[in-house]
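I opened the model and kept notes as I went. The entries follow in the order I looked things up.

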Amino acid sequence: MSVVSKGLENVIIKITNLTFIDGEKGILRYRGYNIEDLVNYGTYEETIYLMLYGKLPTKKELNDLREKLNEEYEVPQEVLDSIYLMPRDADAIGLLEVGTAALASIDKNFKWKENDKEKAISIIAKMATLVSNVYRRKEGNKPRIPEPSDSFAKSFLLASLAREPTAEEINAMDKALILYTDHEVPASTTAALVAASTLSDMYSSLTAALAALKGPLHGGAAEEAFKQFVEIGDPNRVEMWFNDKIINQKNRLMGFGHRVYKTYDPRAKIFKELASTLIERNSEAKKYFEIAQKLEELGIKQFSSKEIYPNTDFYSGIVFFALGFPVYMFTALFALSRTLGWLAHIIEYVEEQHRLIRPRALYVGPEHQEYVPIDRR
């Protein structure tokens, strides 16, 4: 008898050298490197090189990568126009889908296994331009292309916020990009793999990934978690809100629980530390951080026996908010980082283990039925 795995839980669809997760011990590694070490000692550019080429770069390789990124921020005017022709109140991820689909339409000569990794670097740079201009469009500002610099995070923040970011802000953005880079094969990566398995192009595969990321149970979780803090509004209301919304009404505590982790998400610990360093100059962010801390304590007390702990989305929104981004941009910022993971996975799959992904469904409908002409029904 066929076995159905709802949600494809524990179904292995590929082998990978990219990301290792131990959900019981709270371990996350990219190509063997602990996430804590990459965040504490490395940069996002180093992570890009690691994920695409399988090793940490030398100084020359790192400089060459930065030069390539700086050269690839430009996108065709038609792509920018496609974003700015949309309404200001359009969904941010929807606008990103428009941008990636436009690039897919224009890049007609794409071929797999021809400089795939260099192509991925170009796409990562262009995604920074798209995300930046999605934000600028929604804020009613004019288009702006990121300027070359010694930091991908700096170029992105400068183009988005139209002000010189502080060293602390650049550092926080850089670490956030590393933290959200990859997480094996969640829904969005699976969607990208399905598209790439048909030998569709990289931009179309990213569009598929974005469609999956848009959901509140995946990329939208950081937005939903932050909205809880806004709804609570005051640290003194946390316990009352928790008892009413979570205990009595049995609503889900957003930012808690994970399909893989049965302990504290290691990324959440780092995001919490980042948030604590950014809030001192932002009183509103500081308030939300205090709310989150109190809510975390209640959540762990209530749910830890069920192996439910904070995940990466619980504190990441506070980091993005403290950097100056509104809640509607949180999922798009997630997408900016995860673009690297999506690309690394589809390159690995197509280059090393390609097979069209075509699952089956277990039919449980009626047996054969006789067709009855319409005048006899």
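How many helices and strands does the secondary structure of the protein come to? I count 16 helices and three strands. Helices (H or I, at least four residues) and strands (E, at least two) are DSSP runs, numbered from the N terminus.

Ground rules next. I am working with a predicted model, where local features need pLDDT of at least 70 and side-chain atom pairs count only at pLDDT 80 or more, while totals for chains, interfaces and linings use all residues. Residues are numbered from 1 along each chain as its sequence is written, and side-chain values use heavy atoms, with hydrogens and water left out.

**Overall form.** I checked the radius of gyration, taken over C-alpha atoms. The protein has 22 Å; a compact globule with 377 residues would have a value near 21 Å, so the two agree. The globule rule is 2.2 Å times the number of residues to the power 0.38. Along the principal axes, the C-alpha atoms fill a box of roughly 75 × 55 × 45 Å.

I then looked at burial. Of the 377 residues, 50% count as buried. Buried means under 20% relative accessible area, exposed over 50%, partly exposed in between (1.4 Å probe, protein chains only).

I also looked at contacts (heavy atoms within 4.5 Å). Among those with a separation of 6 or more, 77% join residues 24 or more positions apart.

I found an open sheet of three strands in the order 1-2-3, with antiparallel pairing. Strand 1 (19-22) and strand 3 (33-34) stand at the edges; each has a single partner strand, so one side of each is left without a neighbour in the sheet. Two strands pair if DSSP finds at least two bridges between them. Strand 2 (residues 27-30) and strand 3 pair over two bridges. I noted that Arg-29 has Asn-34 in strand 3 as its bridge partner.

**Ser-197.** Is Ser-197 buried or exposed? I find Ser-197 buried, because its relative accessible area is 2%. Ser-197 is found in helix 9 (residues 187-197). Leaving aside neighbours within four places in sequence, I see Ser-197 in contact with Tyr-349, His-354, Arg-355, Leu-356 and Ile-357.

**Val-364.** I turned to the segment after helix 16 (330-352), the place of Val-364. Val-364 is exposed, because its relative accessible area is 73%.
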